[in-house]
Amino acid sequence: MSTTASAPHFTPDPHSYARPAEVSVQHLALTLQVDFEARTLAGHATWEIVNHTGSTELLLDARDLHIEEALLGNLTGEATDFSLGATDPVLGQPLRIAIRPDTQQVTIRYHTTAGAAALQWLTTEQTAGRQYPFLFTQSQAILARTWIPCQDSPGVRFTYEAQVQVPAELLALMSAENPQLRNEAGAYSFRMAQPIPAYLMALAVGDVVFVALSHRTGIYAEPITLPVATSEFQDLEKMVAAAEELYGPYRWDQYDLLVLPPSFPFGGMENPRLTFVTPTILAGDRSLTSLVAHELAHSWSGNLVTNATWNDFWLNEGFTVYFERRIMEKLYGRSYSDMLQVLGNTGLHHTIAELGATSKDTHLHLDLAGRDPDEGLNEIAYEKGDYLLLTLEHLVGRPALDAFIKQYFAQHSFQSMDTASFVTYLRRELLDKTAGLEEKLQLDAWVNGPGIPAVAPAVHSTRFEAVAEALNNWQNGTAAIELPTSNWSSHEWVHFLHGLPQSLTIERLAELDAAFGFTQSGNAEILAAWFPHTIRAGYAPADTALHHFLTHVGRRKFLTPLYKALLATPGGAKRARQLYATARPNYHSVATSTFDVLLGTAE
């Protein structure tokens, strides 16, 4: 029977047209042909559905898709009526498909269009190897609907299988069970047995090869990138084991990394079984691998227990940041994780200052209705969410908090969670067991109030205190070359650069550059912290490196402050737009949607 007596609970999602409480998708069989010349995906999606209410209509999300036909059943089924509703610039269109109360399968034949924002088609010149083109997807937050007609809400889960045809010289990968070798036919089959939300659908096609790091971990990368990536991520199995010790078994069988070309707009994307990562973390000293710990932690917080809507984004990211730092502490010690905590806290205060101390956008529980949920992707969800858990740890102790988190993941595996339900669960399982604990925590002030509640404990780092001392000595006359920096990590260098005065002269920057070689650094975090100083001062020796960075790196976290710094200088707007015109073809649409507005080039 396709009709059930009572429908499951789905939190209403302002960013989806789907009505899963009436009819929900359960399994996807996807067939796609990847055409690099036309830059399209073409094929069909067959959805197995559950009709909870006897409805005669299935609603899916679509954006910039060309729908050719809808069928009841599989490809041999009968054609049925469908229509696309009015276009919303953020949400796309509702795809309405006529069904019967007993319909169990619906097939949609379609192809993507040039507007498919999830798809990044790279030319050979835009890849590391410069021999073959590359395609990757970025479905989070609501871009899965630009390459698959789906119920594009994080509260809706489904399993999937896929058949993907690609050029014979390339390998196809998905957020699923993946091939480890290329085949001559370019035909690949995929299966994801654990149910996932649409934003975790992922596809990548390129000249990539695989190296196993352990029985369940490995690296995919372009051949030219693979050796350094393999060295950088040698601790991957240790990370997985450390995470399991903290919060329970890894539930996705395999954990691999795909190192993408530089245009990837984020640090990483936690696609199940296959985390996408930016090459900007290949620092050569494993100093930026906390990003991998972050994406791994999402295998529990986000992928296993998922925010029900994007208003609840902090439930994904706050838990993940806290978990990431616990993994890094387990592997590299408390002094290391303390640095990450201080850097994150600095970013949080900066974001609150930008948004405004009383802004509702500094609440943990957001109201993003009518806006692109991408606007909620900032330090509030990540760092304020982590800070709430850090405060809770401070009040109840680590053993009690760890037991709570482990139980939370176990009890809600492969389910979604909204903020109200989480607050109820937190009270019942932890807060109500100790008189006055909720008042001490100021829970409502965290969730529904602006800024940082006063109860938050101070964070500090002994290693950063030594950095501050070195910085003070340099400002008071000690030569840069004499500073005790030989054992500094990337984090210490970034903290040093962030602590520099904003009014440095060209001569002072030249002294630092001569001593430490910042302009020629291969470390993206260091460069991103150095360039704002060179832009403000008009330090010409860094101009070529800045141009190279802006035109070769697509990570929005780094680029946004640099474009803002350029705009703040005399004549900087013209320079910024000229640089952007050159760089824009290398960026993903997630990044260009931000920069088009920032630089005033939006249509």
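Q: Is Phe-518 buried or exposed?
A: First, a heads-up: this is a predicted model, where local features need pLDDT of at least 70, side-chain atom pairs count only at pLDDT 80 or more, and totals for chains, interfaces and linings use all residues. Residues are numbered from 1 along each chain as its sequence is written, and side-chain values use heavy atoms, leaving out hydrogens and water. Buried means under 20% relative accessible area, exposed over 50% and partly exposed in between (1.4 Å probe, protein chains only). Phe-518 has a relative accessible area of 2%, so the word for Phe-518 is buried.

Q: How many aromatic pairs are there?
A: Rings of Phe, Tyr and Trp (its six-membered ring) pair if their centres lie within 6.5 Å; planes under 30 degrees apart are stacked, over 60 edge-to-face, and the rest tilted. By that rule, the count is 44.

Q: Why is the pair of Tyr-408 and Tyr-425 called tilted?
A: Their ring centres sit 5.8 Å apart.

Q: Which residue is the bridge partner of Met-174 in β14?
A: Strands pair if DSSP finds at least two bridges between them. β12 and β14 (residues 203-206) pair in the antiparallel sense over 4 bridges. In β14, Met-174's bridge partner is Leu-203.

Technical notes. Helices (H or I, at least four residues) and strands (E, at least two) are DSSP runs, numbered from the N terminus.
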